[in-house]
Amino acid sequence: MIEIKEVNKVFYQGDRVINALSDINLTIAQGTIFGVIGSSGAGKSTLIRCVNLLERPSSGSIIVDGVDLTGLSSQELTLNRRKIGMIFQHFNLLSSRTVFNNVALPLELAGMAKSEIKTKVDGLLELVGLSEKSDTYPANLSGGQKQRVAIARALASDPKVLLCDEATSALDPATTQSILELLRKINQELNLTILLITHEMAVVKGICTEVAIIGAGKLVEQGQVGDIFAHPKTELARQFIRSTLDLSIPEDYRSRMQAQRSSGSYPLVRLEFTGASVDAPLISQVARQFNIDISILSSNMDYVGGVKFGLMLAEFFGTEQAAEQALAFLHEHKVEIEVLGYVA
Amino acid sequence: MSLNSAADWWAANERLVYLLIDALGQTLAMVFSSGFIGFALGIPLGVLLHLSKKGGLLENHVLNRSLGIIVNIGRSIPFIILLVAIIPFTRFVVGTSIGTAAAVVPLTIGAIPFIARLVEGALLEVPSGLVEAAQAMGAKPQQIITKVLLPEALPGIINAVTITLVTLVGYSAMAGTVGGGGLGDVGIRYGYQRFDGTVMFITVVILVVLVQIIQSLGDHLVKRVDHR
């Protein structure tokens, strides 16, 4: 449905040349929810804006529904954009129009008759669950409601593709979930292809079927969401996966931590389970086999695409030798281990 | 002044009263006709200034700079000089350089660049994301102007209208120079040159009330259309 072929985007800032995108190739199949994740400044926003040519790529082509957008005249492009819906981080609703009239805008632009607009808009507001807010102005809506209006507006011209530019980044976690659910619903009901960019791995995990990771203007990894979570190949991918787990050392532990082992102190270890780790109850096996006690400080395990993965912070109480054997055992079973220090 | 003595004054100065009423009519005619023509020409000019800007919808550096320079020249000429400087043009347009109709020409010429800059400022307040959203949904440039930019900038534009009308009330006082009449003219001729303090006082009070009414109406309208 969307084909991005060898797209480059170069910005000039005075004498400086900034390669915002280099050699991007992506193919997004009809009906998928495709996520592009990257940290800020990685080029993800430029990438999604290239798809409907809000940003014209310096080279390469963008093919949406079989039409190469880069080759169109500006009038043809305007008409083709009506087949591509887009929602934004800051909603971009017109403050001078009511909810109803905001959703009606794309239809007015296309010259649809008033009575038809009414039927269409009422249906869309029903779909996003905002029928009773029809005559309200956006200023009186919550962030989540504004994004629902924006989604209804984006769907008004029956697009084949929906672009989501950080659509949930300005929303709280609960609202984010409800918006993601709505996106999933329209993906299934309307068989809409969705391309979304985000910096939150939770969003990707929540609804995407496929994901690409972008860093410094290059796509570094892409594939099924489960595969990426289970077998991240690049450091960048691992960082994003870790960011969804986010385990930090509690402050009082940090202050009691030493770099060297002394008598009466025990190692604080970070264990990282990936798709490669042996799928067995490793923690209790280690405890039994090497006669050590394991105290789990915090742990965040998850299950995506048939794979268990996650991070764990744990103290290993036992003799120095036993602890080392235990860590070696875990290492053999493909658990990534990092001894953070020794806590007295 | 009690109600009685006001009535006495009224009876004793009937001619002056009619003079003031005429003058008020002339002021209103000058302010609103020049304001109206000024908006008809100044608003499109302001829109053009905004659109031709760098990164604007119809980016055009040469056009933007030329318009900018013309507008700045218009804004920098003191009104009293503009009034006499364009007398040939005024004569060409209305056939005479004396009278209320003749005063409308320089008032309009003075108002256009003023309005253009104010409208440009009002359009600048429209978040660029809205224009982008409209582009993304397939709006033509002309549709972006009429359906997004102008409606979204409406509170600011109404504010610009109010400021312009109030300024025009002030400018119209100078129109007496070309025989345009109006309250300012009465104030100068009867109040200042004939040392009639009462007339001076009355013209000033009427002007103050007029400005208050324009400003309140403007504020009220802004409140009604502003949903931000």
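## Helices α11 and α12 of chain A

The crossing between α11(A) and α12(A) is right-handed. Helix α11 covers residues 282-290 of chain A and helix α12 covers residues 320-332. Their axes lie 10 Å apart and pack at an angle of about 145°. This description, like the rest of the report, refers to a predicted model.

On the α11(A) side, the contact is made by A:L282, A:Q285, A:V286, A:Q289 and A:F290. On the α12(A) side, A:A322, A:Q325, A:A326, A:F329 and A:L330 take part. Sorted by class, the contact of α11(A) with α12(A) has seven nonpolar residues, three polar and no charged ones.

## Helices α5 and α6 of chain B

In chain B, the axes of helix α5 (residues 87-94) and helix α6 (residues 100-124) come within 9 Å and cross at roughly 120°. The two helices, α5(B) and α6(B), are therefore oblique to each other. The crossing in which α5(B) passes α6(B) is right-handed.

Helix α5(B) contributes B:F89, B:T90, B:V93 and B:V94 to the contact, while α6(B) contributes B:A101, B:A102, B:V105, B:P106 and B:I109. Eight of the residues in the contact of α5(B) with α6(B) are nonpolar, one is polar and none is charged.

## Where the chains meet

At the interface, 22 residues of chain A are in contact with 17 residues of chain B. The two chains bury about 1,800 Å² between them, with 59% of it on carbon and sulfur atoms. A:L94, A:S95 and A:L109 supply 27% of the area that chain A buries against chain B, more than any other three residues.

Two salt bridges are found across the interface of chain A and chain B. The side chains of A:E108 and B:K147 meet in a salt bridge, at 2.9 Å from N to O.

How values were computed
Residues are numbered from 1 along each chain as its sequence is written. Chains are lettered from A and ligands numbered from 1 in the order in which they are written. This is a predicted model: local features need pLDDT of at least 70, side-chain atom pairs count only at pLDDT 80 or more; totals for chains, interfaces and linings use all residues. Side-chain values use heavy atoms; hydrogens and water are left out. Axes are lines fitted to C-alpha atoms, for helices over the stretch in contact, and angles run from 0 to 180 degrees between N-to-C directions. Helices (H or I, at least four residues) and strands (E, at least two) are DSSP runs, numbered from the N terminus. Angles under 35 degrees count as roughly parallel, over 145 as roughly antiparallel, 65 to 115 as roughly perpendicular and the rest as oblique. A crossing is left-handed if the near helix is turned anticlockwise from the far one by less than a right angle, and right-handed if clockwise. Contact means heavy atoms within 4.5 Å. Ala, Val, Leu, Ile, Met, Phe, Trp, Tyr, Cys and Pro count as nonpolar, Asp, Glu, Lys and Arg as charged, and the others, Gly among them, as polar. Buried area is the accessible area (1.4 Å probe) that two parts lose on being put together, summed over both. A salt bridge is a side-chain nitrogen of Lys or Arg within 4 Å of a carboxyl oxygen of Asp or Glu.
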